[in-house]
Amino acid sequence: MPPRVRGAVKSGQASRTAIFVCQGRAVADGRMAVDRFSDPVAARLLGPEELKPVEAARDDAGTAQGGGRERWAVESVRACAEIVAPRTVMIDEAVTSALAGQDGMQVVLLGAGLDTRPWRLPALETVKVFSVDHPDTQADTRSRAADLTPVARELVFAPVDLTREPLDTALETAGHDRAIPTVWIWEGVVPYLRKAEVATTATAVAARSATGSVMVVNYQTPSLTATLGRAAGSLVARLGRVESATADEPWRSAWTPAQTAELLTTHGFTVEQDVDLLDLARRIDSPTKHGRSLRNGRVAVARFIGSARAGR
Ligand SMILES: C[S@@+](CC[C@H](N)C(=O)[O-])C[C@H]1O[C@@H](n2cnc3c(N)ncnc32)[C@H](O)[C@@H]1O
(Lines give C-alpha, C1' and ligand atoms only; values in the text may rest on other atoms or scores of the structure.)
Protein backbone atom coordinates (compact mmCIF):
# COMPACT_ATOMS: atom_id res chain seq x y z
CA MET A 1 0.00 0.00 0.00
CA PRO A 2 1.40 3.46 -0.86
CA PRO A 3 2.23 5.87 1.97
CA ARG A 4 -0.75 7.86 3.12
CA VAL A 5 -1.31 11.56 2.71
CA ARG A 6 -1.84 13.24 6.07
CA GLY A 7 -4.15 15.85 4.60
CA ALA A 8 -5.16 19.28 5.71
CA VAL A 9 -8.70 19.26 7.01
CA LYS A 10 -9.96 18.55 10.52
CA SER A 11 -11.97 15.36 10.79
CA GLY A 12 -15.73 15.95 10.81
CA GLN A 13 -15.40 19.43 9.39
CA ALA A 14 -15.59 20.72 5.81
CA SER A 15 -12.52 22.58 4.58
CA ARG A 16 -12.64 26.28 5.53
CA THR A 17 -10.15 27.20 2.83
CA ALA A 18 -12.46 25.66 0.21
CA ILE A 19 -15.17 28.11 1.31
CA PHE A 20 -12.66 30.96 1.42
CA VAL A 21 -11.48 30.53 -2.19
CA CYS A 22 -15.11 30.19 -3.29
CA GLN A 23 -15.78 33.53 -1.59
CA GLY A 24 -12.81 34.94 -3.52
CA ARG A 25 -14.27 33.80 -6.83
CA ALA A 26 -17.66 35.26 -5.89
CA VAL A 27 -15.98 38.62 -5.15
CA ALA A 28 -14.10 38.55 -8.47
CA ASP A 29 -17.12 37.62 -10.62
CA GLY A 30 -17.97 40.61 -12.82
CA ARG A 31 -15.44 42.78 -10.98
CA MET A 32 -12.01 41.50 -12.00
CA ALA A 33 -10.62 40.65 -15.46
CA VAL A 34 -14.20 40.78 -16.72
CA ASP A 35 -13.28 39.84 -20.30
CA ARG A 36 -11.62 36.63 -19.17
CA PHE A 37 -12.99 35.70 -15.74
CA SER A 38 -16.53 34.78 -14.85
CA ASP A 39 -17.88 32.63 -12.02
CA PRO A 40 -21.57 33.30 -11.38
CA VAL A 41 -21.90 29.90 -9.67
CA ALA A 42 -19.56 30.67 -6.77
CA ALA A 43 -22.05 32.89 -4.91
CA ARG A 44 -24.73 30.22 -5.30
CA LEU A 45 -22.62 27.78 -3.26
CA LEU A 46 -22.31 30.17 -0.33
CA GLY A 47 -24.63 30.65 2.65
CA PRO A 48 -26.00 34.00 3.85
CA GLU A 49 -23.27 34.59 6.46
CA GLU A 50 -20.55 33.64 3.97
CA LEU A 51 -22.01 36.06 1.44
CA LYS A 52 -21.84 39.08 3.78
CA PRO A 53 -18.08 39.76 3.39
CA VAL A 54 -18.41 38.93 -0.33
CA GLU A 55 -21.07 41.59 -0.82
CA ALA A 56 -19.09 44.13 1.19
CA ALA A 57 -15.93 43.40 -0.83
CA ARG A 58 -17.89 43.84 -4.07
CA ASP A 59 -19.16 47.20 -2.89
CA ASP A 60 -17.22 49.74 -4.93
CA ALA A 61 -17.85 52.37 -2.28
CA GLY A 62 -15.24 50.32 -0.49
CA THR A 63 -15.74 51.08 3.18
CA ALA A 64 -16.70 47.92 5.00
CA GLN A 65 -19.29 48.40 7.71
CA GLY A 66 -18.79 47.05 11.19
CA GLY A 67 -15.82 46.52 13.46
CA GLY A 68 -12.41 44.94 13.09
CA ARG A 69 -13.72 41.41 12.56
CA GLU A 70 -15.95 42.42 9.68
CA ARG A 71 -13.24 44.53 8.05
CA TRP A 72 -10.76 41.65 8.44
CA ALA A 73 -13.16 39.28 6.68
CA VAL A 74 -13.80 41.74 3.85
CA GLU A 75 -10.12 42.50 3.26
CA SER A 76 -9.29 38.78 3.34
CA VAL A 77 -11.82 37.80 0.68
CA ARG A 78 -10.87 40.82 -1.44
CA ALA A 79 -7.19 39.77 -1.37
CA CYS A 80 -8.20 36.18 -2.13
CA ALA A 81 -10.22 37.35 -5.15
CA GLU A 82 -7.12 38.97 -6.61
CA ILE A 83 -5.29 35.63 -6.47
CA VAL A 84 -8.06 33.34 -7.65
CA ALA A 85 -9.12 35.41 -10.68
CA PRO A 86 -5.93 34.86 -12.73
CA ARG A 87 -5.52 31.35 -11.32
CA THR A 88 -9.00 30.38 -12.50
CA VAL A 89 -8.46 31.96 -15.93
CA MET A 90 -5.21 30.06 -16.43
CA ILE A 91 -6.67 26.72 -15.33
CA ASP A 92 -9.95 27.13 -17.27
CA GLU A 93 -8.03 27.95 -20.43
CA ALA A 94 -5.56 25.09 -19.97
CA VAL A 95 -8.40 22.60 -19.41
CA THR A 96 -10.41 23.92 -22.35
CA SER A 97 -7.36 23.71 -24.60
CA ALA A 98 -6.50 20.17 -23.40
CA LEU A 99 -10.03 18.96 -24.15
CA ALA A 100 -10.47 20.78 -27.49
CA GLY A 101 -11.00 18.37 -30.35
CA GLN A 102 -10.35 15.33 -28.10
CA ASP A 103 -12.96 12.63 -27.76
CA GLY A 104 -13.16 10.40 -24.74
CA MET A 105 -11.03 12.27 -22.23
CA GLN A 106 -12.05 12.49 -18.58
CA VAL A 107 -11.37 15.12 -15.92
CA VAL A 108 -10.39 14.64 -12.28
CA LEU A 109 -10.63 17.46 -9.74
CA LEU A 110 -8.13 16.61 -7.00
CA GLY A 111 -9.27 18.24 -3.73
CA ALA A 112 -12.25 19.79 -5.51
CA GLY A 113 -13.66 21.77 -2.58
CA LEU A 114 -16.18 24.26 -3.96
CA ASP A 115 -14.64 24.25 -7.45
CA THR A 116 -17.53 25.46 -9.64
CA ARG A 117 -16.22 24.07 -12.94
CA PRO A 118 -18.63 21.09 -13.10
CA TRP A 119 -21.51 23.60 -13.05
CA ARG A 120 -20.09 26.31 -15.27
CA LEU A 121 -17.20 25.37 -17.61
CA PRO A 122 -18.57 24.74 -21.14
CA ALA A 123 -15.56 22.59 -22.10
CA LEU A 124 -16.87 19.93 -19.70
CA GLU A 125 -20.15 19.44 -21.57
CA THR A 126 -18.90 16.29 -23.28
CA VAL A 127 -16.79 15.04 -20.41
CA LYS A 128 -17.12 12.79 -17.37
CA VAL A 129 -15.80 14.64 -14.32
CA PHE A 130 -14.60 12.96 -11.14
CA SER A 131 -14.71 15.19 -8.09
CA VAL A 132 -12.26 13.90 -5.48
CA ASP A 133 -12.32 15.31 -1.98
CA HIS A 134 -12.31 14.53 1.71
CA PRO A 135 -15.73 13.00 2.62
CA ASP A 136 -16.60 15.84 5.04
CA THR A 137 -15.86 18.58 2.53
CA GLN A 138 -17.53 16.66 -0.26
CA ALA A 139 -20.75 16.08 1.70
CA ASP A 140 -20.88 19.82 2.33
CA THR A 141 -20.25 20.62 -1.37
CA ARG A 142 -22.98 18.22 -2.47
CA SER A 143 -25.53 19.74 -0.16
CA ARG A 144 -24.64 23.27 -1.31
CA ALA A 145 -24.90 22.26 -4.98
CA ALA A 146 -28.06 20.16 -4.61
CA ASP A 147 -30.17 22.59 -6.66
CA LEU A 148 -27.61 23.09 -9.43
CA THR A 149 -27.45 21.17 -12.70
CA PRO A 150 -23.94 20.30 -13.83
CA VAL A 151 -22.82 21.38 -17.29
CA ALA A 152 -20.47 18.40 -17.20
CA ARG A 153 -21.81 15.39 -19.12
CA GLU A 154 -21.52 13.38 -15.94
CA LEU A 155 -20.34 14.34 -12.47
CA VAL A 156 -19.11 11.52 -10.25
CA PHE A 157 -18.21 12.17 -6.62
CA ALA A 158 -15.30 10.18 -5.24
CA PRO A 159 -15.06 10.73 -1.46
CA VAL A 160 -11.66 9.87 -0.07
CA ASP A 161 -9.75 10.87 3.01
CA LEU A 162 -6.25 10.63 1.62
CA THR A 163 -4.95 10.15 5.16
CA ARG A 164 -6.77 6.80 5.19
CA GLU A 165 -7.12 5.44 1.69
CA PRO A 166 -5.11 5.61 -1.49
CA LEU A 167 -6.29 7.83 -4.35
CA ASP A 168 -5.99 4.86 -6.72
CA THR A 169 -8.67 2.86 -4.92
CA ALA A 170 -11.05 5.81 -4.71
CA LEU A 171 -10.79 6.50 -8.44
CA GLU A 172 -11.06 2.82 -9.36
CA THR A 173 -14.24 2.51 -7.27
CA ALA A 174 -15.67 5.67 -8.85
CA GLY A 175 -15.18 4.26 -12.36
CA HIS A 176 -12.19 6.31 -13.52
CA ASP A 177 -10.71 4.61 -16.60
CA ARG A 178 -6.92 4.50 -16.52
CA ALA A 179 -6.83 3.46 -20.19
CA ILE A 180 -8.05 6.81 -21.51
CA PRO A 181 -6.35 10.19 -21.02
CA THR A 182 -7.27 12.31 -18.02
CA VAL A 183 -7.07 16.04 -17.46
CA TRP A 184 -6.03 16.41 -13.81
CA ILE A 185 -6.87 19.67 -12.04
CA TRP A 186 -4.87 20.09 -8.84
CA GLU A 187 -5.72 23.60 -7.70
CA GLY A 188 -5.12 25.12 -4.29
CA VAL A 189 -4.13 21.83 -2.66
CA VAL A 190 -0.35 21.31 -3.03
CA PRO A 191 0.61 24.00 -0.46
CA TYR A 192 -1.42 22.16 2.21
CA LEU A 193 0.49 18.91 1.70
CA ARG A 194 3.97 17.94 2.79
CA LYS A 195 6.45 17.27 -0.01
CA ALA A 196 6.31 13.50 0.50
CA GLU A 197 2.49 13.67 0.34
CA VAL A 198 2.65 15.62 -2.92
CA ALA A 199 4.96 12.95 -4.32
CA THR A 200 2.60 10.19 -3.15
CA THR A 201 -0.30 11.83 -4.97
CA ALA A 202 1.83 12.38 -8.09
CA THR A 203 2.71 8.66 -8.07
CA ALA A 204 -0.98 7.72 -7.90
CA VAL A 205 -1.81 10.21 -10.67
CA ALA A 206 0.95 8.83 -12.92
CA ALA A 207 -0.24 5.27 -12.34
CA ARG A 208 -3.71 6.24 -13.60
CA SER A 209 -2.56 8.46 -16.49
CA ALA A 210 -2.80 7.21 -20.07
CA THR A 211 -0.41 8.79 -22.56
CA GLY A 212 -1.71 12.24 -23.49
CA SER A 213 -3.08 12.98 -20.04
CA VAL A 214 -2.60 16.55 -18.87
CA MET A 215 -1.82 17.80 -15.36
CA VAL A 216 -2.78 21.37 -14.46
CA VAL A 217 -1.25 22.10 -11.07
CA ASN A 218 -1.24 25.23 -8.95
CA TYR A 219 1.56 25.59 -6.41
CA GLN A 220 3.32 28.16 -4.23
CA THR A 221 6.98 29.10 -4.54
CA PRO A 222 9.09 29.42 -1.38
CA SER A 223 8.70 32.83 0.24
CA LEU A 224 9.70 33.71 3.78
CA THR A 225 7.52 36.81 3.61
CA ALA A 226 4.46 34.81 2.56
CA THR A 227 5.06 32.15 5.24
CA LEU A 228 5.55 34.73 7.99
CA GLY A 229 2.61 36.80 6.74
CA ARG A 230 0.32 33.80 6.81
CA ALA A 231 1.50 32.75 10.27
CA ALA A 232 1.11 36.33 11.55
CA GLY A 233 -2.37 36.53 10.03
CA SER A 234 -3.42 33.33 11.80
CA LEU A 235 -1.96 34.57 15.09
CA VAL A 236 -3.68 37.95 14.84
CA ALA A 237 -6.95 36.17 14.06
CA ARG A 238 -6.55 33.89 17.08
CA LEU A 239 -5.65 36.72 19.44
CA GLY A 240 -8.54 38.81 18.17
CA ARG A 241 -10.84 35.76 18.25
CA VAL A 242 -11.58 36.36 14.60
CA GLU A 243 -12.48 33.32 12.56
CA SER A 244 -9.65 32.66 10.13
CA ALA A 245 -10.08 30.50 7.04
CA THR A 246 -6.45 29.56 7.01
CA ALA A 247 -5.56 29.04 10.70
CA ASP A 248 -6.44 25.32 10.77
CA GLU A 249 -5.04 24.56 7.33
CA PRO A 250 -1.42 25.76 7.30
CA TRP A 251 0.79 25.71 4.23
CA ARG A 252 3.20 22.78 4.37
CA SER A 253 5.16 22.83 1.15
CA ALA A 254 6.49 25.28 -1.40
CA TRP A 255 8.17 24.43 -4.69
CA THR A 256 10.46 26.26 -7.06
CA PRO A 257 9.59 25.93 -10.76
CA ALA A 258 12.68 23.71 -11.14
CA GLN A 259 11.53 21.43 -8.28
CA THR A 260 8.04 21.25 -9.77
CA ALA A 261 9.45 20.34 -13.17
CA GLU A 262 11.62 17.66 -11.55
CA LEU A 263 8.62 16.24 -9.68
CA LEU A 264 6.50 16.14 -12.82
CA THR A 265 9.29 14.75 -15.01
CA THR A 266 10.02 12.02 -12.48
CA HIS A 267 6.40 10.98 -12.75
CA GLY A 268 6.35 10.88 -16.54
CA PHE A 269 5.04 14.37 -17.33
CA THR A 270 6.73 17.00 -19.47
CA VAL A 271 6.08 20.63 -18.55
CA GLU A 272 4.57 22.69 -21.37
CA GLN A 273 3.84 25.91 -19.44
CA ASP A 274 4.59 27.30 -15.99
CA VAL A 275 3.40 30.84 -15.34
CA ASP A 276 3.29 33.08 -12.30
CA LEU A 277 0.03 34.71 -11.36
CA LEU A 278 1.43 38.23 -11.33
CA ASP A 279 2.47 38.05 -14.99
CA LEU A 280 -0.88 36.54 -15.82
CA ALA A 281 -2.85 39.12 -13.81
CA ARG A 282 -1.08 41.92 -15.70
CA ARG A 283 -1.82 40.27 -19.04
CA ILE A 284 -5.53 39.92 -18.33
CA ASP A 285 -5.83 43.34 -16.69
CA SER A 286 -6.69 41.90 -13.27
CA PRO A 287 -5.78 43.88 -10.11
CA THR A 288 -2.23 43.46 -8.78
CA LYS A 289 -2.39 45.19 -5.40
CA HIS A 290 -1.09 41.99 -3.75
CA GLY A 291 1.79 41.65 -6.20
CA ARG A 292 4.00 39.61 -3.90
CA SER A 293 1.32 37.00 -3.23
CA LEU A 294 0.52 36.84 -6.92
CA ARG A 295 4.22 36.43 -7.77
CA ASN A 296 4.47 33.42 -5.42
CA GLY A 297 1.53 31.58 -6.96
CA ARG A 298 2.09 29.57 -10.13
CA VAL A 299 0.23 27.22 -12.46
CA ALA A 300 2.09 24.54 -14.41
CA VAL A 301 0.63 22.55 -17.30
CA ALA A 302 2.30 19.24 -18.10
CA ARG A 303 1.57 16.37 -20.50
CA PHE A 304 1.99 12.70 -19.59
CA ILE A 305 4.30 10.92 -21.95
CA GLY A 306 5.20 8.03 -19.63
CA SER A 307 8.82 7.30 -18.94
CA ALA A 308 11.23 4.78 -17.57
CA ARG A 309 11.63 7.04 -14.52
CA ALA A 310 7.88 6.87 -13.93
CA GLY A 311 8.03 3.11 -14.35
CA ARG A 312 5.73 3.15 -17.40
C1 LIG B 1 -7.94 25.14 -0.44
S2 LIG B 1 -9.09 23.89 -0.77
C3 LIG B 1 -9.03 23.95 -2.55
C4 LIG B 1 -10.34 23.63 -3.17
C5 LIG B 1 -10.42 23.76 -4.69
N6 LIG B 1 -9.45 22.94 -5.38
C7 LIG B 1 -10.29 25.20 -5.11
O8 LIG B 1 -9.22 25.64 -5.57
O9 LIG B 1 -11.28 25.92 -4.96
C10 LIG B 1 -8.19 22.37 -0.38
C11 LIG B 1 -8.99 21.09 -0.61
O12 LIG B 1 -8.18 19.94 -0.27
C13 LIG B 1 -9.03 18.99 0.39
N14 LIG B 1 -8.31 18.07 1.30
C15 LIG B 1 -7.56 18.41 2.36
N16 LIG B 1 -7.17 17.31 3.04
C17 LIG B 1 -7.67 16.24 2.38
C18 LIG B 1 -7.63 14.82 2.59
N19 LIG B 1 -7.01 14.28 3.64
N20 LIG B 1 -8.25 14.02 1.71
C21 LIG B 1 -8.92 14.55 0.66
N22 LIG B 1 -8.99 15.89 0.40
C23 LIG B 1 -8.40 16.72 1.27
C24 LIG B 1 -9.98 19.87 1.18
O25 LIG B 1 -11.15 19.15 1.58
C26 LIG B 1 -10.25 21.01 0.23
O27 LIG B 1 -11.36 20.79 -0.60
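The sulfur of Cys80 lies 9.6 Å from the closest cysteine sulfur, that of Cys22, which is too far for a bond. For Cys22, the closest cysteine sulfur is in turn that of Cys80, at 9.6 Å. A search of the whole structure accordingly returns zero disulfides, a disulfide being a pair of cysteine sulfur atoms within 2.5 Å. Cys80 has a relative accessibility of 7% and counts as buried. Cys22 is also buried, at 0%. Buried means under 20% relative accessible area, exposed over 50%, and partly exposed in between (1.4 Å probe, protein chains only).

The model is predicted; local features need pLDDT of at least 70, side-chain atom pairs count only at pLDDT 80 or more, and totals for chains, interfaces and linings use all residues. Residues are numbered from 1 along each chain as its sequence is written, and side-chain values use heavy atoms, with hydrogens and water left out.

The chain holds 11 helices and seven strands. These are DSSP runs numbered from the N terminus (helices H or I, at least four residues; strands E, at least two). Of the 312 residues in the chain, 54% are buried. The accessible surface of the chain comes to about 14000 Å². Carbon and sulfur atoms account for 52% of that surface. Areas follow the Shrake-Rupley method with a 1.4 Å probe; for residues, only the protein chains shown count as cover. Among contacts in the chain with a separation of 6 or more, 78% join residues 24 or more positions apart. A contact here means heavy atoms within 4.5 Å.

The ligand is surrounded by 23 residues, where a residue is near a molecule if one of its heavy atoms lies within 4 Å of it. The closest are Arg25, Gly111, Asp133, Thr137 and Glu187. Helix 1 (residues 16-28) supplies the largest share of this shell, four residues. By class, the shell has nine nonpolar, nine polar and five charged residues. Ala, Val, Leu, Ile, Met, Phe, Trp, Tyr, Cys and Pro count as nonpolar; Asp, Glu, Lys and Arg as charged; the others, Gly among them, as polar.

The protein covers 97% of the 590 Å² of accessible area that the ligand has on its own.
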